[in-house]
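Let's walk through a model together, one feature at a time. Have the viewer open and follow along.

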Amino acid sequence: ITWALEGGSSPLPAGLSLASNGDITGTPTGSTQTFTVEATSGDSQVATQSLTITINPTLAVTTTSLGNAVAGSAYGTSISAVGGQGNRTWSVVSGSLPGGVNLGTNSGTLSGTPGSTGSFNFTVQVLSDDGQTDTQSLTLVVYDVLQVTTASLPNGTNGAGDYSEQLTASGGNGAYSWSVFSGDLPPGYSMSGTGLIEGPKSEGDVTYDFTVRVLSGDGQAAFRALSISFIIN
């Protein structure tokens with residue numbers, strides 16, 4: 001029996017070819033195609049059959065980076081993929097996730113509350129129902145929670161000279177940006193974006209209450225209620 005495409009031109013998916021012995025081989029690069037094969041026997045009998053080869057898209061993980069997490073705070077993000085056929089199954093095949101964070105087997109979702117800080121390197125694998133697999137190396141960075149470490153401010157003594165005090169914070173990632181969130185600084189006082197409070201010497205016996213806010217480069221915010229008092233000696 002000799003095999004051929006009916007009419008010599010019925011399309012196979014791009015990248016595939018039909019040999020005269022009936023073998024269809026190659027590396028498909030095109031899309032799903034329906035075609036008709038023709039079988040011819042030695043006594044010149046001819047039979048035809050319409051067939052379809054389904055070309056599934058290549059399975060690939062499309063997530064290449066992850067957003068940062070904060071220790072002690074809930075975290076959630078989805079790892080995405082394209083291609084393949086049917087359902088996908090996810091797993092971590094090397095490295096490790098932070099304690100408290102898990103990968104959903106069926107959803108590809110990373111979720112949980114990380115309990116420690118650091119950079120956690122791991123490789124995920126996705127498997128589709130048609131047997132395709134793909135892997136991707138990822139890193140999840142976990143930072144400390146941002147907090148204002150300045151607990152209180154010194155008094156502004158009457159007539160004792162100009163006032164200058166630097167606010168401090170810890171945790172978060174990236175540069176800190178400071179502002180007065182509520183309340184008022186003493187008259188003539190200002191706070192820079194770097195958290196430096198400055199002002200002139202003052203007169204009187206009064207306390208000014210205000211709340212400061214610090215933002216870190218990763219979008220965390222922290223607040224602290226503070227006050228500056230002027231005391232007549």
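Q: Which residues form one aromatic cluster here?

A: Rings of Phe, Tyr and Trp (its six-membered ring) pair if their centres lie within 6.5 Å; planes under 30 degrees apart count as stacked, over 60 as edge-to-face and the rest as tilted. In this structure, Y163, Y189, Y208 and F230 make up one cluster.

Q: What is the mean pLDDT of the protein?

A: pLDDT is the predictor's confidence in each residue, from 0 to 100. Where it is low, the predicted coordinates should not be read in detail. Here the protein has a mean of 92, and 96% of its residues reach 70 or more. Confidence is lowest in strand β4 (residues 33–40), with a mean of 91, and highest in strand β10 (residues 88–95), at 98. As for the labels, helices (H or I, at least four residues) and strands (E, at least two) are DSSP runs, numbered from the N terminus.

Q: Back to the rings, then. How many aromatic pairs does the structure hold?

A: Four. Take F181 and F223: this pair is edge-to-face, at 4.8 Å centre to centre with 70° between the planes. F181 sits in strand β18 (residues 177–183) and F223 in strand β22 (residues 221–230), so the pair ties together parts that are 42 residues apart in sequence.

Q: What are the relative accessible areas of F181 and F223?

A: Buried means under 20% relative accessible area, exposed over 50%, and partly exposed in between (1.4 Å probe, protein chains only). F181 comes out at 49%, so it is partly exposed, and F223 is partly exposed too, at 44%. Now look at Y208 and F230: their ring centres are 6.0 Å apart and their planes at 80°, so this pair is edge-to-face. It links distant parts of the chain, with Y208 in strand β21 (residues 206–215) and F230 in strand β22, 22 residues apart. Y208 is partly exposed at 23%, whereas F230 is buried at 2%.

Q: Which residues have the most contacts inside the largest nonpolar core?

A: A nonpolar core is a set of buried Ala, Val, Leu, Ile, Met, Phe, Trp, Tyr and Cys residues joined through side-chain atoms within 4.5 Å. The largest one has 20 residues, and L66, I79, W90, L110 and F122 have the most contacts inside it. Two or more residues each come from β11 (101–103), β13 (118–128) and β14 (133–143), with the largest share, four residues, from β13. Another core, of 18 residues, lies apart from it and includes L153, L185, Y189 and M191.

Q: What does I79 touch?

A: Contact means heavy atoms within 4.5 Å. Not counting residues up to four places away in sequence, I79 touches V61, T63, L66, W90, L103, S107, G108, L110, V124 and L138.

Q: And T123: buried or exposed?

A: T123 is buried, with a relative accessible area of 13%. It belongs to strand β13. Leaving aside neighbours within four places in sequence, T123 contacts S91, V92, V93, S94, T135, Q136 and S137.

Q: In what order do the three strands of the open sheet run?

A: Strands of a sheet pair through backbone hydrogen bonds, either parallel or antiparallel. By the rule used here, two strands pair if DSSP finds at least two bridges between them. The order is β8-β12-β11, with antiparallel pairing. β8 (75–78) and β11 stand at the edges with a single partner strand each, so one side of each is left without a neighbour in the sheet. Four bridges join β8 to strand β12 (residues 109–112), and G76 has S111 in β12 as its bridge partner.

Q: What is phi of S44?

A: Most residues other than glycine have a negative phi. For S44, phi is near 75°, a positive value. S44 is found in the loop between β4 and β5 (46–53), and is exposed at 59% relative accessibility.

Note on methods
Residues numbered from 1 in each chain as written. Heavy atoms only, no water.
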